[in-house]
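User: I want to learn how to read a structure feature by feature. Please walk me through this one.

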Amino acid sequence: MLEPILVEDITFTKLVPSLKGILKDLNKNSVHHDYIVALIIVLLAEAGFYPLSRDSDRLQCSNLRSLHIPKNWKIESTGMYNIYFQLETVPHIKCKLFVLPLGDELIVSFYPILEEGVARKGYSMMVQTLRYVNPYSTDLSGRYFNLKVLSHSFKNTISTPARSDILIKAGVMGPSLQAIPIELKYRILKLLDARTLTKMAQCCKQFCELCSDPQLWKSLIQRDFPNFIRTSHKKMTKDKDYCYQDYMVARRYSSFASKHKSFENTDLEDIFF
């Protein structure tokens with residue numbers, strides 16, 4: 001049987017090597033929360049985040065198989081965990097992992113420190129520890145279960161959006177639509193239909209601006225309705241201000257013209273106004 005590569009591939013008989021290595025730093029007095037936080041360190045490393053050494057603010061390692069639990073990762077008096085990370089491709093931005101135990105649950109928070117040492121945006125989730133850790137198992141492989149669910153949830157909620165935001169902030173191209181160059185964004189948007197384009201505009205401020213570009217709507221009209229004739233009627237927008245409303249007028253015109261061939265070259269004013 002092949003050795004698992006990612007946390008989500010773990011079976012009841014085989015652990016992923018990165019997790020197996022980091023668990024060596026735990027001892028017999030470690031509690032079930034420790035096992036979850038050790039797992040979270042591995043999940044962050046799978047997304048490119050590696051723990052920093054508190055003494056030097058340098059990466060302890062940049063390899064999944066060489067992961068270690070940082071010193072002073074846990075405040076014994078409160079049980080809280082506090083670890084700093086760094087995205088390997090953006091070394092000047094630090095991130096802070098803060099984990100707060102509440103009974104058998106953990107509140108996991110991850111904060112990229114983007115400007116002036118202040119965390120501008122955080123990502124959080126609640127983890128029910130006993131859904132993923134069996135504290136009574138004497139076998140490490142049998143100590144974890146349901147890790148595919150936890151891995152997907154953690155990556156969707158914390159590591160992937162955090163990495164995407166950091167790459168965008170740093171101006172580094174990454175594996176997300178927002179992180180690709182603006183020229184490629186425009187090329188992709190030009191391939192969409194009008195309805196999808198209006199939905200894309202609701203995703204974020206950047207795409208709202210991109211999807212409102214007059215030249216984008218002009219290219220869509222020329223692509224979908226090549227016989228559309230733009231008029232200068234006062235109810236129509238100016239040539240530099242093409243928008244969704246113009247696209248809808250062009251569609252109505254093309255639909256009308258296809259049904260009434262004799263009106264194909266008729267001024268839009270005579271049809272709609």
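Analyst: The secondary structure comes to nine helices and seven strands. Helices (H or I, at least four residues) and strands (E, at least two) are DSSP runs, numbered from the N terminus. This is a predicted model: local features need pLDDT of at least 70, side-chain atom pairs count only at pLDDT 80 or more, and totals for chains, interfaces and linings use all residues. Residues are numbered from 1 along each chain as its sequence is written, and side-chain values use heavy atoms, with hydrogens and water left out.

User: What is the mean pLDDT of the protein, and which elements have the lowest and highest mean values?

Analyst: pLDDT is the predictor's confidence in each residue, from 0 to 100. Here the mean is 82, and 80% of the residues reach 70 or more. Helix α9 (residues 268-272) has the lowest mean of the elements, 49. Strand β7 (residues 123-128) has the highest, 96.

User: How much of the protein is buried?

Analyst: Buried means under 20% relative accessible area, exposed means over 50%, and partly exposed lies in between (1.4 Å probe, protein chains only). Buried residues make up 41% of the 273 residues. Contacts can be split by sequence separation too. Among those with a separation of 6 or more, 49% come from residues 24 or more positions apart.

User: Where does α3 bend, and by how much?

Analyst: The bend at a residue is the angle between axes fitted to the seven residues ending there and the seven starting there. Helix α3 (residues 147-170) bends by about 50° at Lys-155. Just after α3, Gly-171 takes a positive phi of about 75°.

User: Which residues of α3 are buried?

Analyst: An α-helix has 3.6 residues a turn, so residues three or four places apart point the same way. In α3 the buried residues include Leu-147, Leu-150, Phe-154, Ile-158 and Ala-162. Thr-160 also lies in α3, but is partly exposed, with a relative accessible area of 36%. The C-alpha atoms of Thr-160 and Ala-47 are separated by 7.0 Å, although these residues are 113 apart along the chain.

User: On to strands. Which side chains of β4 are buried?

Analyst: In a regular strand the side chains alternate between the two faces of the sheet. Along β4, Cys-95, Leu-97, Val-99 and Pro-101 point to one face and are buried.

User: Which strands pair with β3?

Analyst: Two strands pair if DSSP finds at least two bridges between them. β3 and β4 run antiparallel, joined by six bridges. Tyr-84 has Lys-96 as its bridge partner in β4, and Gln-86 stands opposite Lys-94. A hairpin of six residues connects β3 to β4. β1 pairs with β3 in the antiparallel sense over three bridges, and Phe-49 is partnered with Leu-87. Strand β2 (residues 74-75) is antiparallel to β3 over two bridges, with Ile-75 opposite Met-80. In the β2 and β3 hairpin, Gly-79 takes a positive phi near 80°. Six of the eight residues of β3 are buried, so β3 is largely enclosed by the rest of the structure.

User: Finally, which residues touch the most other members of the largest nonpolar core?

Analyst: In soluble globular proteins, nonpolar side chains tend to be buried together. A nonpolar core is a set of buried Ala, Val, Leu, Ile, Met, Phe, Trp, Tyr and Cys residues joined through side-chain atoms within 4.5 Å. The largest has 50 residues, and Leu-19, Phe-49 and Val-108 touch the most other members. Elements supplying at least two residues each include α1 (17-22), β5 (105-115) and α3. α2 gives the most, eleven residues. Beyond four places in sequence, the contacts of Phe-49 include Leu-44, Phe-85, Cys-95, Phe-110 and Ile-166. A second, separate core of 20 residues includes Leu-192, Leu-197, Phe-225 and Tyr-253.

Note on methods
Contact means heavy atoms within 4.5 Å.
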